[in-house]
Amino acid sequence: MLSQILDYCKRKPPMNMQVSPETVSREHVMEVMDPTGHTTVTWNPDSEASIADARREFNRLKRLGYSAFPMNVVMENGVVVEEKDNQRMDEFDPSVGRVMMIPQLVGG
Amino acid sequence: MPINDFFISDVNQSLNTSQQALVSDCFIVPFITTAMPNPFFFTNSLTTGGTSSSFSGCTGGNITSATTIIFPSPVVMNEIVIDEDDLMNNQEYWELARQRGVQFRIRTAEERQRQEAEAARVRVEQERTAALRREAKDKSLALLIAHLTAEQRETFTRNKWFVVIGGQSKKKYRIRADGSLNSNIDEMHGDRVVSRICCHCLHDIPLYDNYLAQKIALMKDERRFLSIANRHAA
């Protein structure tokens with residue numbers, strides 16, 4: 001009986017029912033492009049302290065010349081199927097699920 | 001012909017009669033200088049002089065001419081005294097040379113070890129930097145692929161480019177992801193390349209992050225992207 005319960009817990013849910021860790025933990029993500037590839041800043045929209053930290057980091061990156069874009073995409077099996085048009089973010093919006101911070105662009 | 005007459009006759013040809021009379025009153029003695037290998041010869045000089053009337057062209061003045069005769073003379077050097085206490089015999093000299101050889105080899109070996117250690121340290125640092133750069137590149141590639149549609153993934157995998165639609169103008173832009181950031185964006189009109197656009201992040205950002213930044217900026221902030229970019233002819 002116990003082994004059956006443990007086996008049930010270890011079984012992964014089907015692919016179409018799999019949820020992302022962000023949805024389970026309600027963590028929103030800000031991906032920052034940098035020389036290491038990218039670093040990820042997360043915040044909990046239900047936590048004021050977490051939002052304040054994320055806002056502070058957002059403002060710091062804006063001062064460095066970064067541009068912020070909300071990534072409102074619809075994905076299916078890990079592949080983007082629809083990209084919804086969004087404008088650039090000039091102010092931090094804690095309700096956005098995923099934000100991409102792009103460094104300053106220069107003409108070549 | 002005496003050597004004085006030789007020189008006097010040579011000079012007389014360039015002077016008038018009054019000057020010729022003056023020249024005959026003086027000695028013109030040539031001096032011969034040679035490059036003496038022996039540094040111990042010094043020169044002594046003997047000077048004779050005479051006073052005569054003025055040359056033509058000068059008014060009311062007396063001119064004093066002088067003749068200098070230079071001849072070498074030998075000089076006797078002081079005797080060199082050798083202190084025998086400072087001398088070494090052959091055996092001592094050999095021992096000293098041997099010790100110096102040993103010191104040189106030790107110093108050279110220490111120097112070589114130091115250089116090898118430094119080279120090894122530099123090599124380790126370079127490998128570490130290269131590993132970090134590879135890791136960053138792989139991470140950026142994964143991020144780019146995660147933000148491509150199925151069609152973009154296919155063209156990127158097959159041809160190393162993908163097409164993006166401009167967010168405001170709805171124009172087609174082909175981003176060539178073949179390893180270069182130099183004018184890698186083609187503005188398309190159908191299948192024809194109208195112009196090439198160059199705009200990218202700073203060079204310390206990994207390559208595939210640059211391509212993703214170009215894609216996102218074209219889709220979401222096209223006007224600002226084009227205002228920053230440089231446009232070149234196709």
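Trainee: By class, how many nonpolar, polar and charged residues does the lining of the largest cavity have?

Mentor: This is a predicted model, in which local features need pLDDT of at least 70 and side-chain atom pairs count only at pLDDT 80 or more, while totals for chains, interfaces and linings use all residues. Residues are numbered from 1 along each chain as its sequence is written, chains are lettered from A and ligands numbered from 1 in the order written, and side-chain values use heavy atoms, without hydrogens and water. Counting Met, Val and Ile among the nonpolar and Glu and Lys among the charged, the lining has 4 nonpolar, no polar and 3 charged residues.

Trainee: Which helix gives the largest share of that lining?

Mentor: Helices here are DSSP runs (H or I, at least four residues), numbered from the N terminus. The largest share, 4 residues, comes from chain B, and its source is helix α5 (residues 207–220).

Trainee: What is the area buried between chain B and chain A?

Mentor: The contact (heavy atoms within 4.5 Å) takes 33 residues from chain B and 29 residues from chain A. Carbon and sulfur atoms give 60% of the buried area (accessible area, with a 1.4 Å probe, lost on putting the two together and summed over both), which is about 2700 Å².

Trainee: Which side chains meet in a salt bridge?

Mentor: The count between chain B and chain A is 1 salt bridge (a side-chain nitrogen of Lys or Arg within 4 Å of a carboxyl oxygen of Asp or Glu). At 2.4 Å, N to O, the side chains that meet are those of R88(A) and D221(B).

Notes
Helices (H or I, at least four residues) and strands (E, at least two) are DSSP runs, numbered from the N terminus.
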